[in-house]
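Trainee: Could you take me closely through one chain of this model, from its secondary structure down to single residues and their surroundings?

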Amino acid sequence: MNENEFAVLAAGHALRALSDADERRYADALLAHPEWAAIAEEDAATAALLADAAAPVEPPSTVRDSLLAQIGQAPQSDAATGPSTEREPATRARPEPRQRRWSRGLFALAASVVLIAGLGIGAAVLIPQLTQPASVVALEKIEAASDAQQARVELDSGAQATAHWSGSLGSAVLVTEGLAALDDDETYQLWLVRGEEALPAGLFETDAGAATALVDGTMREGDVIAVTVEQSGGSPTGLPTTEPIIAIPTA
Amino acid sequence: MLVEMVIDGMDMPEDGTAGDLAADLLVRVAGGDQGAFAELYDLLSSRVFGLILRVLVNRSQSEEVLQEVFLEIWQSAARFAPNRGQGRTWVLTIAHRRAVDRVRASQSSTDRDVRAGIRDIGVAHDSVAEQAELSIEGERVVAALGTLPDPQREALVLSYYGGYSQSEIAVLVGAPLGTVKTRMRDGLSRMRNEMGVNA
């Protein structure tokens, strides 16, 4: 392998896009040519810049608490036990046999081709949407779906909530207006109520009562889209702790 | 947390002279310093979480992966070599690897397909309350991406944010595999020139 071929592999590695076979060639080449490590490091640094195009999102404080509790018990490895993690061959980190997933993924890919066929057209589409919230894009997709539906409710307070969904996409978005502002230690939480079960479907905040919130998870037709007021960070039990203020059936 | 986000901004080596705070903290974490770990978490967790959410979209999975990432950092901080790159790069590389592995391993093909439609056009996260407020650095990245030829940008976006492999991208965009590989190299190389990256 020459340096140029290695540079091609290093770029794919930095983007985590290599096949397992190429990942092994990459790792072997790096062992054989330690002088090429600088190429790999530059690519890793460049790829990491792409992370900045995703806006930072503050995680729930429960994750921090849980981590700080765990590290007291979790053993640390020393430097001698292995190569730097970022240079580990992908095969070690990947838990699943790839063959099986690949064959399954092909069907998805066949469908994806249609979904993103417009991609090649490029910049005009890609760049503005890079910073657009998922809920807004999801709403556009739902509205473009052939089975798009919507239902609107009005609360006693005069606030309004409209659910938009598409059963074929398995996707739903709730748009609200005029919802009451909550205390700092409270949040609105979405639920997909399926029969007796309430599945947590994400938290949302309002801006002057308005929100466009993507319902997390795969929505099924017949689910009820519900909203409760929960403590900040969401219901600790994973179940609603208050009566829903909004409930919109999708059947 | 806002304060730490500002510090995170200062940590960005925009002029090449700013100290690498994340690297200093990682060295202390490697020595078993739990306080340094908490500081590192406060410094980088919202950036890491934003990235994971971008790739995974699903919030509860993203929270799990965030936890895995920081546990891995705690356990393997000794493998970070300060002379081989920025602390921040090391952390974000682990986060990206784990997010992509999770999207490949755990999301069913239908989920992934639906999300692909949402994600591949390049989307952020799951609540409009979290309006994308990019840092100056983030805006520079978006601007630099905008200068790439379309096929190169497409290759970077589909792999980095979409979690697609080179062979999957070749199928998606209808280009030969070798072409996709070269586009990634050329795309990263142009990004590097636009942004002035030092490893």
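Mentor: Helices and strands are here DSSP runs numbered from the N terminus, a helix being H or I over at least four residues and a strand being E over at least two. By that rule, chain A has eight helices and eight strands. The model is predicted, so local features need pLDDT of at least 70 and side-chain atom pairs count only at pLDDT 80 or more, whereas totals for chains, interfaces and linings use all residues. Residues are numbered from 1 along each chain as its sequence is written, while chains are lettered from A and ligands numbered from 1 in the order in which they are written.

Burial comes next: a residue is buried if 20 or more other C-beta atoms lie within 10 Å of its own, exposed if 12 or fewer, and partly exposed in between, with C-beta atoms placed from the backbone. Of the 251 residues of chain A, 39% count as buried. Two residues are in contact if their C-beta atoms, again placed from the backbone, lie within 7 Å; among the contacts in chain A with a separation of 6 or more, 57% are between residues 24 or more positions apart.

A nonpolar core is a set of buried Ala, Val, Leu, Ile, Met, Phe, Trp, Tyr and Cys residues joined through C-beta atoms within 7 Å. The largest such core has 110 residues, and A:V215 is one of the four that touch the most other members, together with B:L26, B:V48 and B:I52. Its largest share, twelve residues, comes from helix α3 (residues 34–56) of chain B. Not counting residues up to four places away in sequence, A:V215 touches A:A172, A:V173, A:L174, A:L190, A:L192, A:A201, A:G202 and A:I225.

Most residues other than glycine have a negative phi. A:R16, in the loop between α1 (3–14) and α2 (20–32) of chain A, has a positive phi of about 55° although it is not a glycine, and A:R16 counts as buried because it has 24 C-beta neighbours inside 10 Å. A:A208, in the loop between β5 (197–204) and β6 (211–215) of chain A, likewise has a positive phi, of about 50°, without being a glycine, but A:A208 counts as exposed, since it has 9 C-beta neighbours inside 10 Å.

Finally, A:A247 lies in strand β8 (residues 246–249) of chain A and, with 16 C-beta neighbours inside 10 Å, counts as partly exposed. Leaving aside neighbours within four places in sequence, A:A247 is in contact with A:V224 and A:A226; the C-alpha atoms of A:A247 and A:A226, 21 residues apart along the chain, are separated by 4.2 Å.
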